[in-house]
Amino acid sequence: MATTRVRTGGGPGPPLIAVALISAAALAYEILLMRLFSIVLWYHFAYMIISLALLGYGAGGALVTMARSAVERRFAPLFCAAAAAFGVSAIGCFALAQRVPFNPLEILWDPRQPAWLLAVYLLLALPFLCAGACVCMTFSRWQGMPSRIYSFDILGAGAGCLGVIAMLFVLAPHDALKVIGGAGWVAAAVAWLQSGGPRRWPALTMLAMAGLVGLVPSAWVAPAMSPYKELSQTLRIPGARVVEERFSPLGLVSVVESPQVPLRHAPGLSLNASVEPPPQLGVFIDGEGPSALTRFDGRRDTLAHLDQMTSALPYHLLRRPRVLVLGAGAGADVLQAVYHDAAQIDAVELNPQVVDLVRRRYADYSGGIYAAGLSASRVRVHIAEARGFVAASTQRYDLIQVALLDSFSASSAGLYALSENYLYTIEALHDDLRHLREGGLLAITRWVTLPPRDALKLFGAAVAALQRSGVADPGSRLAMVRSWQTNTLLVKNGAFDAADIGAIKAFCAERSFDVAFYAGMRAQEANRYNVVERPDLFDAATALLGPGRDEFVQNYKFNVAPASDDSPHFFHFFKWSSLRELLSLKEQGGLPLLEWGYPVLVATLAQAVLASLLLIAAPAAWITWAGAGRRGQPAGLRGRLLAYFSAIGLAFMFVEIAFIQKFVLFLSHPLYAVAVVLFAFLLFAGVGSRLSRRLHDAAATRLRNPLAAVALAIAVSAALSLSLLAWLFEHAMGLPDAARIAVSVTLIAPLAFFMGMPFPLGLARVEARDAGLVAWAWSINGCASVIGAVLATLLAIHVGFAAVVVAALVLYAVAAVVRP
């Protein structure tokens with residue numbers, strides 16, 4: 001029977017601290033890139049960042065495979081060189097990637113854009129190649145210790161996940177980038193010392209280089225915002241300038257003033273309006289927005305423009321309501337409630353920086369709407385995530401107002417196609433309705449899109465939420481109006497009566513808004529003022545309430561099926577069946593009807609598959625040509641090895657990506673979800689990896705197939721996690737941040753613990769058979785993970801998170817069957 005060999009050459013052991021440091025730096029860099037891309041482009045590039053990170057790790061495995069003899073001879077210099085290269089490339093590659101003229105908005109009509117996307121993808125993968133090479137060299141040089149090395153690797157990576165979040169509270173993103181670059185040099189210095197370098201001066205030189213990284217000019221690495229973002233466009237106005245800027249993991253908040261050409265932000269303002277908004281400042285988060293910070297001197301008449309918007313409709317149906325504003329931002333919707341004499345206003349805003357700006361820095365400018373004095377009597381400000389606040393609240397309201405949170409240009413261009421939004425799901429609307437008083441209203445305002453898309457998806461979700469609440473005639477509780485730019489949907493806790501319908505008609509007639517739907521409405525009443533070719537909103541709303549609803553949704557040119565918590569991609573409207581027709585409209589300007597996010601996702605998947613195949617095929621060909629390990633290999637070993645490590649790589653990423661997207665709701669922000677979920681998976685997978693050695697030893701005497709036992713444990717843990725998630729989202733959403741993080745880690749821990757075992761168990765078996773295949777196994781796993789990160793996102797959009805997790809469990813079962 002083959003035995004595992006431990007080769008140390010009688011010298012020092014593996015540089016485990018250096019491995020942990022370089023892994024921490026690599027994961028911190030991965031999460032920081034998501035933050036930087038949120039500023040430069042949009043945050044939902046997260047799937048691409050995870051994929052390119054894993055591509056780099058897979059490439060590192062391929063490189064070590066082909067240079068194994070050199071690693072054996074000169075481990076310390078090569079490890080230090082790779083760690084130092086990470087330090088240089090982490091900064092340099094981001095700086096270069098910003099200069100690549102990639103514009104996702106042009107990917108469908110500019111044939112150069114896929115090549116520029118590939119250039120960005122490969123540039124940013126390079127630092128991860130360096131980090132992956134460090135780890136893989138350690139595996140290759142110190143055989144027989146995979147569990148110990150893997151545990152330090154993963155524990156370091158977990159620490160990096162949380163460390164970068166803490167760092168972003170005190171450092172600007174470009175300064176955090178310098179710290180991470182310096183960490184690569186520190187890892188190189190530690191590796192030199194741990195590996196028994198004959199002299200100390202190389203380590204001191206590397207530490208000095210770590211310090212010099214801080215001298216890199218910030219202008220070289222500061223994120224260069226896309227010229228198509230709203231902030232970039234606003235700053236093109238003569239005299240416009242940023243007067244205040246704050247940063248945190250939640251976003252870069254920028255306040256803009258324009259003294260020469262006054263900023264005016266009043267979405268869907270009636271063309272009949274005779275008053276203009278007072279002076280305003282624009283508040284942008286990561287360059288997106290704006291949210292209007294309106295000058296308010298306490299005189300009610302200065303806010304008269306707020307009654308000329310579709311979002312003012314519910315105030316004409318209610319008298320001195322108690323109001324909940326979800327997504328209060330800089331206070332525009334709060335001022336609308338103040339203007340309409342609301343009795344009590346609860347304003348919920350996620351970003352504490354925005355609240356602090358309005359409450360302190362611009363307290364006089366805003367009329368103190370968020371200040372303590374006013375808050376005590378009329379306006380109460382809550383820093384919380386909207387869904388979590390509603391779930392935890394015991395209050396009932398006359399009006400729940402969901403603010404118009406996204407920008408018109410970004411929404412109409414399909415820039416949010418890949419983003420999760422839990423405010424517009426069936427479950428969210430159902431929860432909102434439970435917090436309405438009798439006769440209360442839920443009001444949601446969205447941008448007008450032609451042909452209608454998000455208004456229909458929202459209407460369908462409202463119908464489903466009412467039916468879930470046991471309402472037999474949901475149409476009697478729905479009304480919708482349209483201006484030239486916005487729609488407002490009203491959902492009532494009770495049926496709209498004749499007086500309500502009369503008030504809606506009068507409100508619209510006075511402002512030249514169109515009534516889009518109410519129960520009993522005739523088609524002739526629609527499409528009177530802001531005339532379009534057909535009354536599509538009325539026709540579609542009628543169809544969504546009729547017996548042919550499913551057929552209508554299936555045959556509609558865009559995906560307007562209601563979003564759910566299991567598939568919360570509200571802004572995903574793409575249908576493959578419409579692709580040919582939309583492409584044929586290119587000359588007539590039809591391409592903007594395709595959301596750019598989805599084509600970029602598909603292009604990234606194609607690139608990931610191509611790169612991964614090359615990375616797997618190259619070392620395989622090298623090994624075959626060199627004849628390494630051919631003698632004594634059982635028949636079919638390489639095929640089983642390929643199937644096994646591909647299956648566990650895909651499965652791990654399917655579960656991880658699904659949980660990241662699912663926990664966006666529970667942890668309030670995508671970056672928090674990425675950091676906490678990665679931390680939990682890496683930490684407990686590291687613990688599982690460390691203990692897998694005992695399971696491997698037990699297998700020799702008691703367990704015929706330990707991988708089958710692990711696969712069963714993963715299935716049970718996953719089923720338990722999925723069953724508890726729904727309960728948690730209903731009962732634990734209102735907990736403090738620290739408590740929700742602790743709950744998340746606790747829920748993920750058992751699943752991650754068992755998911756950390758298949759890789760080192762398989763690696764130990766491969767090493768026992770043919771040590772020359774260890775690096776190749778690492779490469780296969782990394783490359784399968786590259787594909788898995790993108791493929792999981794694609795599958796989640798179409799079939800939901802639960803189905804992605806089920807697919808992962810099937811892959812683990814396959815791995816147990818084809819174990820090496």
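Reply: Two residues are in contact when they have heavy atoms within 4.5 Å of each other. This is a predicted model, in which local features need pLDDT of at least 70 and side-chain atom pairs count only at pLDDT 80 or more, while totals for chains, interfaces and linings use all residues. Residues are numbered from 1 along each chain as its sequence is written, and side-chain values use heavy atoms, with hydrogens and water left out.

Me: Then which residues is Gln-113 in contact with, leaving aside its neighbours within four places in sequence?
Reply: Gln-113 is in contact with Pro-101, Phe-102, Asn-103, Glu-106 and Ile-107, leaving aside neighbours within four places in sequence.

Me: And where is Gln-113 found?
Reply: Gln-113 belongs to helix H5, which covers residues 113-141. Helices (H or I, at least four residues) and strands (E, at least two) are DSSP runs, numbered from the N terminus.

Me: Is Gln-113 buried or exposed?
Reply: Gln-113 is buried, because its relative accessible area is 2%. Buried means under 20% relative accessible area, exposed means over 50%, and partly exposed lies in between (1.4 Å probe, protein chains only).

Me: Which residues of the largest nonpolar core touch the most other members?
Reply: They are Tyr-29, Phe-86, Phe-645, Phe-663 and Phe-681, in a core of 170 residues. Helix H23 (residues 637-667) gives the most to this core, namely 20 residues. A nonpolar core is a set of buried Ala, Val, Leu, Ile, Met, Phe, Trp, Tyr and Cys residues joined through side-chain atoms within 4.5 Å.

Me: What does Tyr-29 touch, not counting residues up to four places away in sequence?
Reply: Tyr-29 touches Phe-86, Ser-89, Ala-90, Phe-94, Leu-124, Pro-127, Phe-128, Leu-177 and Ile-180, with that exclusion applied.

Me: A change of topic: at what angle do the axes of H25 and H29 cross?
Reply: The axes of helix H25 (residues 706-731) and helix H29 (residues 801-817) cross at roughly 170 degrees and come within 8 Å. That makes H25 roughly antiparallel to H29. Axes are lines fitted to C-alpha atoms, for helices over the stretch in contact, and angles run from 0 to 180 degrees between N-to-C directions. Angles under 35 degrees count as roughly parallel, over 145 as roughly antiparallel, 65 to 115 as roughly perpendicular and the rest as oblique.

Me: Which residues make the contact?
Reply: H25 contributes Leu-707, Ala-708, Ala-711, Ile-714, Ala-715, Ala-718 and Leu-722, and H29 contributes Val-805, Leu-809, Tyr-812 and Ala-816.

Me: Next, the loops. What is phi of Asp-286, and of Asp-341?
Reply: Asp-286 has a positive phi of about 55 degrees, although it is not a glycine. Asp-286 sits in the loop between strand S3 (280-285) and strand S4 (288-294), and is buried at 8% relative accessible area. For Asp-341, also a residue other than glycine, phi is positive and near 60 degrees. Asp-341 lies in the loop between H11 and strand S6 (344-349), and is partly exposed at 35% relative accessibility.

Me: And what joins Leu-450 and Pro-451?
Reply: A cis peptide bond joins Leu-450 and Pro-451, with omega about -10 degrees. Pro-451 is in the loop between strand S9 (436-447) and helix H17 (454-468).

Me: Finally, which residues of H19 are buried?
Reply: In helix H19 (residues 536-545), the buried residues are Leu-537, Phe-538, Ala-540, Ala-541 and Leu-544. They pack against H17, strand S10 (478-482), strand S11 (486-492), strand S12 (514-518) and helix H20 (549-555).
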